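This report goes through one protein chain part by part. Please look over the sequence and the structure before reading on.

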Amino acid sequence: MKKDWLQIRLLRRWLANSAQAVCAPRIFGLLLIALIALGSLSCRPKVEQVNDQPLPDEPAPGGNLRIYALDVGQGDGLLIISPQGKTVLIDAGPTEAGDEVVAALRAHGVKQIDLMVATHPHADHIGGMKKVFDTFRVRKFLDSGQTYGTATYEKLLREIQDNKTPYIKAVRGQSIEIEPDVKFDVYGPPTPLFSNSDIGTDRSVQNANSIVLRLSYGSFAMLFMGDAEFETEARMMTAGANLRANVLKVGHHGSRHATSGKFLTAVAPQFSIISVGENNDYGHPAQLTMDRLKKASIKTLRTDLSGEIEIFSDGKTFDARPSRKATLAQTWAGRQPVRNELTVNP
Ligand SMILES: [Zn+2]
C-alpha cells in the first residue's frame, strides 16, 4: 500500500515537471494574452497535490505496533495490533479466561481477528478461543497441525469448520505478511514434527511442536515461543534461523526445560515476557529459568506479578508498560512445583 502511494506520488511529480517543461517555450508567446485574458491560467496539468503534504487516504507513516500479553492466568494469550490496525491473537488462554480475553480485546478496540494462532493444542492456549469465535469474526486460523484427541481441540476444529475460517497449517519457512512493514516468520514446528523418540517419553511433543513465530516491524523484532523447550530451541539454532529479537516471549511459562543460556545468547533479547498464572502448581516460572534470564541481564516482566503487559514499538525503539509494578526480588523469584509438570500440564 505504502509502496503504491509512493509510486503514485512520484508519477504525479513527474507529470507536473513534464508539463512545465512542455509549456516553457510557449510561455513567452502566450504570456501577455494569457495574463490579460485568463489572469491566473496555469500550464500545469490538473494535479491535486504534488507537495509533501500527506494525501488524504495515505496511511500515517510509522505508527506504533502494539503487543499485549493478556492476563489470562495460567496460559498464554497475546494480542498484536499493527500500526494500520490489523489484529493477531496468539493463543487465548484457558477456557475460564474466555470472557476476560473477549473483554480485553474489546477494550483495545478490536473489531475482528485477522489472524488467530493456536501455538499448540493444549487447553491453556486454546480454551478461551470458543468465546473469541462467538464474539468476533476470525478471518484466518494458523494451527500447528498436530493430532490431539481432546474434546477442547476437537470442538475448536469444529468451530473453525462451522465458521468457514480459512485454516493454515504452520510450516517452518513460511512468512506471513500482516501489512507491508509487519510480518511473521514461522520458525516452528519442524517438518517432520518431533516425536517422543526425538525428545524422550517424559516430555510433551505438543509443546516441542509449538508454532514459533518471529514478528518484525522495521528493526524491531519479537520472538513468540509458545510452549517450545530446549529441543525446539536447539533445532532452530542448528537450522541457522535469524533468532535475534528485542523481546522474547519466554517458552512454556518459564519452565525449567526451556530457555537455555545458549538460546538466550543467540536471541540476545533486551527484554522478556513470561505469561504465567499466579496460582499454578507446576513451578512456573522455574528458579533455574529466572536465574538464566537474570544472568543474561534481560529485563523481565511476568503476567502473574504485573497483570497485562503492553509493548509498543515505532519500528526502531520499543518500550513496555506493566499494569502493576513488581519488585526485582519478586521478579527473579521462581516458584516451587507442587505437582508433576508433565502429568498435569504436559
Ligand atoms: Zn502452556
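## Model and confidence

The structure is a predicted model, in which local features need pLDDT of at least 70, side-chain atom pairs count only at pLDDT 80 or more, and totals for chains, interfaces and linings use all residues. Residues are numbered from 1 along each chain as its sequence is written, and side-chain values use heavy atoms, with hydrogens and water left out.

The predictor's confidence in each residue is its pLDDT, on a scale from 0 to 100. For this chain the mean pLDDT is 85, and 80% of the residues reach 70 or more. Residues 1-61 have a pLDDT below 50, and this stretch has 37 contacts in the model beyond near neighbours in sequence; a contact means heavy atoms within 4.5 Å. Where pLDDT is low, the predicted coordinates should not be read in detail.

## Helix H2

Helices (H or I, at least four residues) and strands (E, at least two) are DSSP runs, numbered from the N terminus. A residue is buried under 20% relative accessible area, exposed over 50% and partly exposed in between, using a 1.4 Å probe and protein chains only.

Helix H2 spans residues 98-107, and its buried residues are Gly-98, Val-101, Val-102, Ala-104 and Leu-105. These residues lie on the same side of H2, because they cover an arc of only 160° around the axis; the arc is that of the directions from the helix axis to the C-beta atoms. The buried residues of H2 pack against strand S2 (78-81), strand S3 (87-90), S4 and helix H4 (129-135). Asp-99, Arg-106 and Ala-107 are exposed on the face turned away from the buried side of H2. After H2 comes Gly-109, with a positive phi near 80°.

## Helix H10

In helix H10 (residues 287-295), the buried residues are Thr-289, Met-290 and Leu-293. Their arc around the axis is only 100°, so they sit on the same side of H10. They pack against helix H9 (261-267), S14, strand S15 (299-302) and helix H12 (328-331).

The other side of H10 has Leu-288 and Lys-295 exposed.

## Aromatic rings

Rings of Phe, Tyr and Trp (its six-membered ring) pair if their centres lie within 6.5 Å; planes under 30 degrees apart count as stacked, over 60 as edge-to-face and the rest as tilted. By this rule there are 5 aromatic pairs. Phe-220 and Phe-318 form a tilted pair, at 5.7 Å centre to centre with 50° between the planes. This pair links distant parts of the chain, 98 residues apart: Phe-220 is in strand S12 (residues 220-224) and Phe-318 is in strand S17 (residues 318-322). Phe-220 is buried at 0% relative accessible area, while Phe-318 is partly exposed at 21%.

Phe-318 also pairs with Phe-271: their planes are at 80° and their centres 6.2 Å apart, so this pair is edge-to-face. Phe-271 lies in strand S14 (residues 271-274), 47 residues from Phe-318, and is buried at 10% relative accessibility. Elsewhere, ring pairs join Phe-133, Phe-141 and Tyr-167 in a cluster.

## Asp-114

Asp-114 is in the loop between strand S4 (112-113) and strand S5 (115-118). With a relative accessible area of 13%, Asp-114 is buried.

Which residue's side chain makes a polar contact with that of Asp-114? The partner is Gln-112, at 3.1 Å. A polar contact is a pair of N or O atoms within 3.5 Å; within protein, one must be able to donate a hydrogen and the other to accept it, and residues adjacent in sequence count only if both atoms are side-chain atoms. Not counting residues up to four places away in sequence, Asp-114 touches Gly-85, Lys-86, Thr-87, Arg-139 and Lys-140.
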